[in-house]
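Please consult the sequence and the structure alongside the text.

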Amino acid sequence: MSEIIVSTTSRLEGRPAKEYLGIVTGEVIVGANLFRDLFASVRDIVGGRSGAYEDVLQRAREQAIGEMRMRAATLGANAVVGVDLDYEVLGANGSMLMVSASGTAILV
């Protein structure tokens, strides 16, 4: 699979879309570790950054974008424009995080 260009803008400067292939998405749901949650809560109380959560968010975001890229490639796209990232806390006590990426697959 060649590299799929991903952009939050609605078009790629100097590269007009030849064909719009449809909406593509990628979703990832990650569960939070109890001990990491407790540590993050303590860090939040004392005002520090939670590196554990930042790492989880980064990996989930990369996985969601990767999944979206794969779906675009199956449509024959070489770019995805108008990409939007959304984050949602799920579960009875907010124990899971969903990261979703969506955009429009195009051929440039």
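A residue counts as buried under 20% relative accessible area, as exposed over 50%, and as partly exposed in between (1.4 Å probe, protein chains only). Of the 108 residues of the chain, 27% are buried by this criterion. The model is predicted: local features need pLDDT of at least 70 and side-chain atom pairs count only at pLDDT 80 or more, whereas totals for chains, interfaces and linings use all residues. Residues are numbered from 1 along each chain as its sequence is written, and side-chain values use heavy atoms, with hydrogens and water left out.

**Overall fold**

- The chain has 2 helices and 4 strands; these are DSSP runs numbered from the N terminus, with at least four residues for helices (H or I) and at least two for strands (E).
- From the N terminus on, the order of elements is β-β-α-α-β-β.
- Of the contacts (heavy atoms within 4.5 Å) between residues at least 6 apart in sequence, 77% join residues at least 24 apart.
- The accessible surface, from the Shrake-Rupley method with a 1.4 Å probe, comes to about 6900 Å², and 55% of this area belongs to carbon and sulfur atoms.

**Strand pairing**

- Two strands pair if DSSP finds at least two bridges between them.
- Strand E1 (residues 5–6) pairs with E3 in the parallel sense over 2 bridges, and Val6 has Val80 in E3 as its bridge partner.
- E3 and E4 pair in the antiparallel sense over 10 bridges, with Glu88 opposite Met98 in E4.
- The hairpin of E3 and E4 has 5 residues between the strands, and Gly91 in this hairpin takes a positive phi near 95°.

**Nonpolar cores**

- A nonpolar core is a set of buried Ala, Val, Leu, Ile, Met, Phe, Trp, Tyr and Cys residues joined through side-chain atoms within 4.5 Å.
- The largest core has 17 residues, of which Val24, Val30, Met68, Ala72 and Val80 touch the most other members.
- Strand E2 (19–31), helix H2 (51–74), strand E3 (79–90) and strand E4 (96–107) each give two or more residues to this core; H2 gives the most, with 6 residues.
- Beyond four places in sequence, Val80 touches residues including Ile5, Val6, Val24, Met68, Ala72 and Ala105.
- A second, separate core of 5 residues includes Leu12, Ala79, Ile106 and Val108.

**A buried serine**

- Ser100 lies in strand E4 and is buried, with a relative accessible area of 15%.
- Not counting residues up to four places away in sequence, Ser100 touches Gly26, Glu27, Asp84, Leu85 and Asp86.
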